[in-house]
Structure formats: structure tokens, C-alpha cells
Amino acid sequence: MSPVSPADPDGLLAVLNRCSTDEVKSLTSFVTHVEQLAHRPGRSAPWPVWIPENLRVTFLTSGIGAPWTHQAEAADLAHTGRDVVIATGTASGKSLGYLLPVLTALLADRRACALYLSPTKALAADQLGFVESLALSGIRAACYDGDAAVADRDWARAHANWILTNPDMLHRGVLAGHQRWARVLRRLRYVVVDECHAYRGVFGSHVALVLRRLIRMARRYGSDPVVVLASATSAEPARAAQRLVGRPFVAVTDDGSPRPGADFVLFEPGFMAGSSGEMGAPVRRSAPSEAARMMADLVASGARTLTFVRSRHGAEQTALSARRRLADVAPALVDSVAAYRGGYLPEDRRELERALGSGELMGVASTNALELGVDIAGLDAAVLAGYPGTLASMWQQAGRAGRRADAGRRALVVFVARDDPLDSYLVHHPETVFGRPVEAAVTDPTNPYILGPQLACAAAERHLTSDDLELFGGLAVVGPVVADLVARGVLRRRPSGYYFTEPGHPADGVDLRGGGGGQVAIVEEDSARLLGTVDVGRAPAAVHAGAVHLHRGESYVVQSLDLQSGVALVRADRPEWSTIARSVSTVSMTSVHTGRTCGSNVRVGMGPVEVTEQVIGYLRRRPGGELIDTIGLDMPRQTLSTRAVWYTIGLDTLLAAGLSEADVPGSLHAAEHAAIGLLPLFAGCDRSDIGGLSTALHPDTGEPTVIVYDGYPGGAGFAERGHEVLVDWLTAVREAVLGCGCETGCPSCVQSPKCGNGNHPLDKAGAVVALGLVIGALAAAEPADHARVRVTG
């Protein structure tokens, strides 16, 4: 293949025409959309008059001629004491917006301190490296995380004034031992929360309460820090920031940074000839294999390319496949493609930057570890093998291409859809990717299973007062949770407030990524090394015997699961398959649900439910999606108290729409599967975070019913979000099912890999009818139709 000049606007896009094999003559026949992102020049602003001259000169010397308009706006707001959220695009330089006021404050008062929170160690290390490179006298920066040596942690606590850490260390290290952090808390001027859109679901709900604990203790020591949040562009960023921190924010959203021109391609792999999946459904070519082919041909064309896949093993396989293809089309470039397997060590990231920058490496296959914290500028192309979980992550990955913003240099981004309802929907509905801000992070800090343990931590730090109850959500929300803690002997009531009754601090027993109800430790069998934990309620599906478990991109196979002792033993392995648990469940509606009657025969609502689930086996699939076999398991039943969104359709209405009574179970079953597949687009969750049930006659509603529930004790806010956007959600579900090219259902529309009934029965056409009835009834209903509806049996 002859090299294509990256400066040629159509060159990289034309490469797809030549990405071919005997089976696929031209990949462009599977391109569903090309979005041409225009080059945008930057808009700069004068340096703020309040920053010291030596700081301005330092930034000038480092290559920053002037701040972009959004950086200056955010810096001014924070400097004047306003809590601010900077919600601008990928690579827009949000960090300067908070560094200007933070560094100014630290230079003006050598005793002042600031705290920086990052969701990843890589990003914190990158920020530390940049601040250290400025070599500012008086700025004492340090990382305080799990990888830091004890001596380095002690130095950070005793001497640092710009402390970079993460929510886990803030929870267990800083707040649990706040007396040793009195110096920092007493003089805390700023708290910076970077990539705040990453805090969603159970983890985000915990972080929201940890931030409230931090603010409470800072005030206790006499400070009241300004909070600055950095976020991807999102819907209602000020509202999301207030939900996260608990106080009003000003949003900065007018992005003044330059943006390179790029062609953003949406691509859906074709079906594999002669291959079939469950129930004879067609199987598409795998996203990683298609991505490998693209990367090889792009590299052969002279384009520096970064390919994102979901696991380190997948990254290595993608790189290997690309190298094999290069051996045929451009043998001299075989050694210029590699997998990123350096973990989070700074020296590994710096070496990767050097190799890509020098041209020694032309192609890299990586996990999402390279989304943040690595200075890779000017790549020509980015290939995304599957939806990374949120639109924010999708744009972070896409933003790795063309980051130098040269007007004459167009980049290429290719999103390769997996065989999945959400991926399939995105490639056929480009307005979902390009015509809307990224999803707002969904959190629910009022969940009693999360709020209770966090209140116990807060009380261990200092007794809770009535003012504290307001900070954590108000008496109406917090009161019943506090009363339960008192009844269980966790707290004791005294005239001055509520006191923690146990010695020490409960932080070690509160996992920020867990939903309560206990944890199962995941332990490497040979070394006894703790790899992580999983909620006890999710353990049967996540770490059953035979399950393939991924930890930081490395694959392990579970050898045994002991729920009684709370331990899952795993062994490092590289099986040529993935595993997906299958389960059966029942759902009982409890208490009173908020319901809405739409017309005479459709009801929708949400409320508390009790789910009884049993894992009955698991599937093994090859990387290409082919089913190897199904292995049975005999696991105990698990009970989960959570929250759900639901709808019912009268049987007479379904029959009148042309369905037979025999069609109803399969129609609702297919609609349920598709709804679970699409909710992550609206709620920012993963498919594994939610579950569902459909039945032709539910005992609590007395009607045909579809239920989608949160997979965490007390809920995680996902079902509530689904209820809020029910019309948009179900409309997208119907369009996805209707638009799929299969005849009777496939993994891209109505089949679910977790289905305990083996994806039977499923009625794709009937699902379209049922969803149409619900959407039509909702559209015709009046807002006043809301009512309190008792649905318990």
C-alpha cells in the first residue's frame, strides 16, 4: 500500500476502501455514517491581572502564550470564591482553569494547601509531572495514593501544599485519620475534582458523600475551600456538580480551545458467513478483529494509530493480528505495532510517548488506560473497538487523534460496533453521538445502603449534629437512616448529637465501589494476593467457578467461590474464551410505587422491589462471538432489595394490536432485553449494573409486565433515570429493534447474553408492537395523570 499523506483530508478515510480480505472486499460498505468535524480556531483571553508575574512568565516559558477564554473565565470565578465546574471538550486544557487560582493562592501564602482528586493514578501522575516541570519555588506537590511509599506519604502529610490523591485514599487515609491531617484541613483553600463525570452509580454516590465529609471536616478545622470540578461536556453540568458536592455551582461551558478537523466514522461489522449463534441467530465479525485490520492498513498508509479495546489480553491479540496483516502488506512496519501493557508506571507511559512521538511506534492497541494521563499529541487515527461505556469515554478516546489542532491536518476516528444493542443503535443513530452532550452522571447519595455506612464514617470523625444532617441530605432523608443506625447500635444519641459507638474508624469496611451487604475478596490462589472485591450479591454472577475475571487487563479463571467465607480464588490464565453468567429471577413489588396510568390499559411506574435471583450456569464464547458451550451451575438463591422501573400493558390491548396470547411472553421478553441493552446510553451505567424481568401475568400488577431494576442494594439511580426519560428510552429501544437487519432477533437487538431462559421465547416483531403501544400511550397522556398507586400483592 502506498503511504497516504495525513495532510490529505480524504486520505485516511480512503484507506478504509483498501482494508479488505477474501471475505470482505471493502470495509466502506459497512460504514453507516461519516461525521465531518470542522477545524475550530482557538479564542484566547488576557492573563488574569491577579496572578503573580513569576507565574505568568513560567507559563509563557512552558509554551502557554495565553489562556483560552474558558480557562480565564473559570480561573476568575474560582479566584473570587465561587464553586465552579468547567465542562468543556476533550483536550481543551481544563487544568489551567484551576491551576491558575490554586498556584496563585499557594504562592501568596506558603501555609495554604490544595487537594486534587483524580479517578486514575495515571492522571494524577501526569498532573504532578506538569506542576513539577514548572519548578515554582514554594509549590510542594506530592501524590498520596496506594502506590506511594510510606515515607512519601508521611512527607505529603507533613509538608506538601498541593496534594494529589483519589477518593479511596481521601476516604480511608485522610478523613479516617483527620487528626494527622490537621495542618492541611486547617489551611485548605481549594479542592479540585478532575474528570468528575466519571463518578456515577454506586461509586459516584459514595464519592458524593465522601466530599460532604471532607467539606464538613474542613469547616471543623476552620477552612471553607472553594471546589473546582473539571468535567466533559455534559447536560446540565451545574446541576450535576451540585448533586455531587451538595452546594450550588457556576458552570463554564463556552469552550475557547482549538479543535482539529476530523472524520468520525461509524462502522458496523458484517455477519460471518456460515456462522450462527444461539437459537440460530446470525453472528457479526468481532469488533477487535475488524479494528486490528484497520490499524494495520492505517499504519501501512503512514498513519500513527491508537486502537482501544476492552482488556489487556484483547489489546495483545489486536496488536498480534495487526502485525500478522502487516507481515503481508508492509513487512518493514511489523515491529512498529505493539500492545500497551505497561500498567500505570510513569516510566512506561513516558516511554510510550517517546516511541509514538519519534515514529518508532506507528500503532498501539490499548485498554482505556490511555484515555487519560498520557501526553500523546498529534496521532493521525483512533480506532474504538466497541462502546467504552459512556459518551464521555468515547470522546476521550476519539480525542487522542489529531490533538495538535493543525488546520491542514485532518484526523480519522473509527468507532467499530460490537454485536450488542447499544453499539448497533449508536452506529445507526449518529445524532445520538454527535447531536447531544454526554450523559449526566447518575448518582443517588440518598440510598440508605450507601448513606448509612457513610454516616457512620462521618460520626466516627466527629459526632453528627442537626446541621450535619442537612449537609448529608436533610432530615427527611437522613433521619430514618440515622434512626436505623441507632437501633442497630452503630450510633448512640446524646444531647449534643449522634456518636459512633465502636472503637476506631469503620472506613476499611466501607468499599466505595460496593453497594453494601458485604464483600467477597478476589484472591490469587498461588500468591494469596488480593486483586479486589465484589459485592456478595453480585459474586455468583461475577466470580462463579469457571468465570473469566479481568483485573487491570490481565485475565484470571475463578477456581472456587466460597460465599460463606467471602473468598473467590482465581488463577492467572489466558483462555481463548470469555464467560457470561446466566440466571433466573423473580421480582416482587414492595411498599407503594409511584405510578402513572396512561389511557385505560397502560401503566408505568417505579419503586422498591425485592429480587430473588439464582445463577444457573454460564456461557463460554470465543473472541469472535461464537458460542462454545453452556455449563450448568448450582448456586444459592440471592435476595436483593432495590428499585425498579416498570410498565404494564393490558392483555386486551395487546390482542387488539394483533398479537395472539401465545405471542405475549416472547414479545415482552424481547422488549425487556432490548430495554436493558439501551438503558446505559441514558443512565451512564453498564449492562451488568441492571437486570430485568418480563411476564405475561405478574402477581403484583395482575397484567403483562416488564420490569428493569438496579443490580445494587437500595438502587443506584439507574432505574430512576430510566423512569425520568422513559419516552426517549423506549423510543430508542423500539427504533433499535425495528432497525436491526436480522429476521427474528440477534445479539444486536433482542438477545441477551445473560438470559437464564436461553433467549427463548423471543418475538422481535411482537416487541416492536408492545413498545409502540407504551410509547403511544405515554405521548397521549397528560402530566396530571401521575398518582400514588399501590401495586403490592
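Modeller: Let us start with burial: a residue is called buried under 20% relative accessible area, exposed over 50%, and partly exposed in between, with a 1.4 Å probe and protein chains only. The structure is a predicted model, in which local features need pLDDT of at least 70 and side-chain atom pairs count only at pLDDT 80 or more, while totals for chains, interfaces and linings use all residues. Residues are numbered from 1 along each chain as its sequence is written, and side-chain values use heavy atoms, with hydrogens and water left out.

Colleague: How many helices and strands are there in the protein?

Modeller: Helices (H or I, at least four residues) and strands (E, at least two) are DSSP runs, numbered from the N terminus. By that reading the protein has 25 helices and 31 strands. The radius of gyration, taken over C-alpha atoms, is 27 Å, close to the 28 Å that the globule rule (2.2 Å times the number of residues to the power 0.38) gives for 793 residues, so the protein is as compact as a globular protein of that length. Along the principal axes, the C-alpha atoms fill a box of roughly 80 × 75 × 60 Å, and buried residues account for 58% of the 793 residues.

Colleague: What is the strand order in the open sheet of seven strands?

Modeller: Strands of a sheet pair through backbone hydrogen bonds, either parallel or antiparallel. Two strands are said to pair if DSSP finds at least two bridges between them. In the seven-stranded open sheet the order is β1-β9-β16-β15-β12-β14-β13, with mixed pairing. Its edge strands, each pairing on one side only, are β1 (31–37) and β13 (337–339). Neighbouring strands of this sheet are turned by 15° against each other on average, direction ignored, where axes are lines fitted to C-alpha atoms, for helices over the stretch in contact, and angles run from 0 to 180 degrees between N-to-C directions.

Colleague: Why is β16 described as largely enclosed by the rest of the structure?

Modeller: Six of the six residues of β16 are buried, so this strand is largely enclosed by the rest of the structure. A411, V413 and F415 point one way from β16, whereas L412, V414 and V416 point the other way, and all are buried. On the β9 side, six bridges join β9 to β16 in the parallel sense, and D263 has L412 as its bridge partner in β16. β15 also pairs with β16 in the parallel sense, over five bridges, with F415 of β16 as the bridge partner of L384.

Colleague: Which residues cover the two faces of β12?

Modeller: On one side of β12 lie T305 and T307, on the other L306 and F308, and all are buried. β12 pairs in the parallel sense with β14 over four bridges, T307 standing opposite A365 in β14, and with β15 in the parallel sense, also over four bridges, where A381 is the bridge partner of T305.

Colleague: Which strands does helix α11 lie across?

Modeller: Contact here means heavy atoms within 4.5 Å. Helix α11 (residues 287–300) lies across β9 (262–267), β12 (305–308), β13, β14, β15 (381–385) and β16 (411–416), running at about 170° to β15. Helix α15 (residues 421–428) lies across β1, β9 and β16, at about 135° to β16.

Colleague: Which residues touch the most other members of the largest nonpolar core?

Modeller: A nonpolar core is a set of buried Ala, Val, Leu, Ile, Met, Phe, Trp, Tyr and Cys residues joined through side-chain atoms within 4.5 Å. Of the 108 residues in the largest one, F415 and W729 touch the most other members. Helix α22 (residues 664–683) gives the most to this core, with 12 residues. Leaving aside neighbours within four places in sequence, W729 is in contact with V645, A675, L678, L679, F682, V708 and G722. A second, separate core of 39 residues includes L115, Y144, C196 and L229.

Colleague: What is the strand order in the open sheet of five strands?

Modeller: That open sheet runs β20-β19-β23-β22-β21, with mixed pairing, and its edge strands, each pairing on one side only, are β20 (530–535) and β21 (548–551). Neighbouring strands of this sheet are turned by 35° against each other on average, direction ignored. Within the sheet, β22 (residues 554–562) and β23 (residues 567–572) run antiparallel and are joined by six bridges, with R571 in β23 as the bridge partner of V557.
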